[in-house]
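Okay, thanks for coming, everyone.

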Amino acid sequence: MKCVEGRKSMWHLYILECGNKSLYTGIAKNIDQRVKTHNSGQGSAYTRSHLPVKCVYKESHQNYSKALKRETQIKSWSREKKLALINRDFTGLKRLSESHD
């Protein structure tokens, strides 16, 4: 999935699938550039040791604060709930949300 950018003033939340199939959540103004940075080994310490990475999900937000709030929310989720979001399984996402995960 190519993470196409919207307006440049927007901030974007992204979820990467790492080489070991783990998921990494972050925010950036330019996702494509950030993925390149991660894959060059210059990203986070976590992704540096789990290369390569690919973008599997993205959301656009009006500003840094909203993107950061969403990142914090998603980082607290289980892998199962993140996969439901990535796969747009809204029934599963609702079920997992009701279980207070």
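**Aromatic pairs and a lysine**

Let's start with Tyr-24: its relative accessible area is 17%, so Tyr-24 is buried. For the record, buried is under 20% relative accessible area, exposed is over 50%, and partly exposed is in between, with a 1.4 Å probe and protein chains only. Before I go on, this is a predicted model, where local features need pLDDT of at least 70 and side-chain atom pairs count only at pLDDT 80 or more, while totals for chains, interfaces and linings use all residues. Residues are numbered from 1 along each chain as its sequence is written, and side-chain values use heavy atoms, with hydrogens and water left out.

Now the overall layout. There are five helices and three strands, and from the N terminus they run β-β-α-α-β-α-α-α. Those are DSSP runs numbered from the N terminus: helices are H or I with at least four residues, strands are E with at least two. Of the 101 residues, 46% are buried. The C-alpha trace spans about 40 × 30 × 20 Å along its principal axes.

On to the rings. How many aromatic pairs are there? The count is two. Rings of Phe, Tyr and Trp (its six-membered ring) pair if their centres lie within 6.5 Å; planes under 30 degrees apart are stacked, over 60 edge-to-face, and the rest tilted. Trp-11 and Tyr-64 have ring centres 5.0 Å apart and planes at 75°, so that pair is edge-to-face. Trp-11 sits in strand 1 and Tyr-64 in helix 3, so the pair ties together parts 53 residues apart in sequence. Tyr-64 is partly exposed, at 42% relative accessibility.

Back to Tyr-24, which is stacked with Tyr-46: 6.4 Å centre to centre, 10° between the planes. Tyr-24 is in strand 2 and Tyr-46 in helix 2 (residues 45–48), so this pair links parts 22 residues apart in sequence. Tyr-46 is partly exposed, with a relative accessible area of 35%.

Last stop, helix 4. Lys-82 belongs to this helix, residues 79–86. Is Lys-82 buried or exposed? At 11% relative accessibility, Lys-82 counts as buried. Leaving out residues up to four places away in sequence, Lys-82 touches Leu-23, Thr-25, Ile-74, Lys-75 and Trp-77, where contact means heavy atoms within 4.5 Å. The helix's buried residues are Lys-81, Lys-82, Ala-84, Leu-85 and Ile-86, and what covers them includes strand 1, strand 2, strand 3, helix 3 and helix 5. After helix 4 comes Arg-88, with a positive phi near 55°.
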